[in-house]
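Today I am looking into cavities and a helix pair. Here is the structure I have open.

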Amino acid sequence: MNHLSKNIIFHCNMKTNYLLLFFNLCICLCLNSCGNAQRPAIPYDREMERYIRNVLKGMSLEEKVGQMTQLTVSAISTEDGMDIDEAKLDSVIGKYKIGSIFNVPGQVAQPAEVYHKFIRRIQEKSLEETGIPCLYGLDQIHGATYTVGATFFPQEINLAATFNREYPRIMGEITAYETRACLVPWTFAPVMDLGRDPRWPRMWESYGEDVYMNSTMSVESVKGLQGTDPNQVDQYNIAACIKHYMGYGVPVSGKDRTPSSIASRDLREKYFEPFKESIKAGALSLMVNSASNNGIPFHANYELLTKWVKEDLNWDGMIVTDWADINNLYTREHIASSEKEAVKLAINAGIDMSMVPYDWNFCRHLVELVNEGEVPMSRIDDAVLRVLRLKYRLGLFENPVWDTDKYERFACEEFEESAMAAAIESEVLLKNESVLPLAKGTKILVTGPNANSMRCLNGGWSYNWQGSRADEFAGEYNTIYEALSEKFGKSNVKYIAGVEYDEKDWWVDHITDMDRVVAAAMESDVVVVCVGENSYCETPGNLDDLNLSANQKDLVRALAATGKPLVMVLNEGRPRIIGDIEPLADAIVHIMLPGNYGADALAELVSGDANFSGRLPFTYPKHINSFATYDYKTSENVETMEGMYNYDAKMDVQWTFGHGLSYTKFEYSDFKLDKEIFGPDDILTFSVDVTNSGAVAGKESVLLYSSDLVASSIPDVIRLRNFEKIFLEPGEKKTITMQINASDLAFVGIDGKWRLEEGTFRFRCGDQVQFAECSETFVWQTPNIE
């Protein structure tokens, strides 16, 4: 009961007293049963709500619809893309009142000054026409990657391989700083789609296959981008846009933007988790999966957009579509009979802003739908308030543009050092038969299509969409060949490609100079063969065969036949099948997509000047028809079905999730759990001693796993629950303490409810094991565990 009601009751007679009590009781019951008693995901800001609702009151329907519309910058640009076309601007903002513009002018990275020119004029026009600032967004994916001269970090898949939460937060902070320096306050990142199908061409944009990894790394990324207060994002931070909601990384076909078939229980338990945690951490916007699940496109799914996100989490942020995805409900998904009906379905499902991206048909259709009563004005007002709220939180009403001279740390040495450190910790030593590290003075042949390419090191979303112009913009940084030449001396390092990528089709390669490569190998002490993939992004990255190309495999075979020690460097955004050539290599390093500093990091590592500490954040498949994740169901591994079940059994894969070698050895001991019996409300505290028993200093990722031995639905064989990364000198020992909530061990049952069941749980850290008993079965009656 509120304070005002108490005062009224105090001054009323007894009869009125009872009536008021009854009235207030009814209100409370109604709020609990019909309203939202969930604590707001982002704290309520009374002053902000007053302000944006006053703005809303003065808006026409056309202005409201304009705020819900986003167009690409080419819709207001001259033909060459490098200046604003005033006639187009007048149509876009003057006539249709468009509230958001996105993308890079000229379709390739630009200096900050170009953004300044565009955005100052856009804001001037927006304020002149509507009094409401425009919201500008960019795909700044692994740094401010559409900005010339910015600091490029490794891609997300590499940050996951560090098993170090610091790096997504640091990347977020630096990305935000260098993006704000461009007058841009919004990025379409981070990606938190679980990369559980290695065929998926966007696997490298994710934090790998694990739920906990994606959740914890995404939360850190959101915090790094947005800062400490989501209601007041300062001029050194920007809004995150968490994507792609959800299940995007497991298409049945393995192809981009194609349907998934995920059970609702798995959606809730696994795929929703990173989004839920990021929203609870204050994420301000969300982008939707372009595809569908079990026949329902995500852009038309009321339950997932409105119920799960907005209502169940009490989240007042904004939901934006991906590229042209409302229209795709008509043209591709065939659940709408027209563009107009597609708009109706998407907006009523909970979409707040449409990335159209080229024309204003969306505006016309939506105005008509409201006037016809097909889309309620309440839905429009809710969407517009979410757009206005985001603009307010970014400070755009007060400062639609800001002083760009105060970003003197742009691309500073400190930022570069952070990117370099992340690259070093992200590269994974998969195999080493006493070949690495290489001694000074070693004569090295560097070969392969990835040996002398900045494009391959960066991958997509690097200077342009496909990353195809990286060598043009990143010439000041080292390729693998250049980095090894600097480290070991130019006279000791020779480069012959052997295989080269086609200039037009990224997936095509050609054999060149094979005889010269073999002859040069015979004259070398060691061969470093750099294979993998050329850069690609989104749908153009679709493949029909996950095998490493035949030409690259033939190159490896020819080099192995020389008898020279062979170091294979895998430079790829997803795991290409190499099971038939893996035995030919004496050492294998997986560098994934480590960015502009990735080659220097590799040189530090193979020389022994730095130690490997990266681990695979995904399962590396061995066979073309046998894909698995580390947390498979116990009954999937048929080789362990006889006798006692082996909870540490490995499927027949090339390398398991979490695999990674070092130049030193770490020993685990004295693994302890503070409770032998626990209940659903308990916190479990673990400790373990880790000793560096080798002769080299190194970092170790200490991983805590759990196994539910018996459950009412088939349990996952093992799940990652926590991790910490530590540094140890030779002979040094540290005690590591980690905690998890007992509720973290719950799963979603057949009835769709979270449940923690009575029984035995097994916990593992390194080679150490502990058991504990859950004393009771508990079923949550809320959609999410708080």
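I began with the lining of the largest cavity, where H8 and helix H9 (211-226) each supply at least two residues. Helices here are DSSP runs (H or I, at least four residues), numbered from the N terminus. H8 gives the largest share of that lining, 3 residues.

A note on the source: this is a predicted model, in which local features need pLDDT of at least 70 and side-chain atom pairs pLDDT 80 or more, while totals for chains, interfaces and linings use all residues. Residues are numbered from 1 along each chain as its sequence is written, and side-chain values use heavy atoms, with hydrogens and water left out.

I then looked up who lines the largest cavity, and found Met171, Gly172 and Thr175 among them, along with Glu156 and Ser221. A cavity is a set of points, on a 1 Å grid over the protein atoms alone, where a 1.4 Å probe fits but cannot get out; lining residues have an atom within 4 Å of a point. I noted about 50 Å³ of space there, the volume being the space filled by probe spheres set on the points, which are joined across faces, edges and corners.

Next came the second largest cavity, with about 40 Å³. I saw Arg196, Asp197 and Glu209 in its lining, among others.

Last, I checked how H8 (residues 166-180) packs with H17 (residues 413-426): the angle is about 145° and the axes are 11 Å apart. Axes are lines fitted to C-alpha atoms over the stretch in contact, and angles run from 0 to 180 degrees between N-to-C directions.

Conventions:
1 Å grid on protein atoms, 1.4 Å probe; cavity = no way out; pocket = protein on both sides within 12 Å on 5 of 7 lines; lining within 4 Å.
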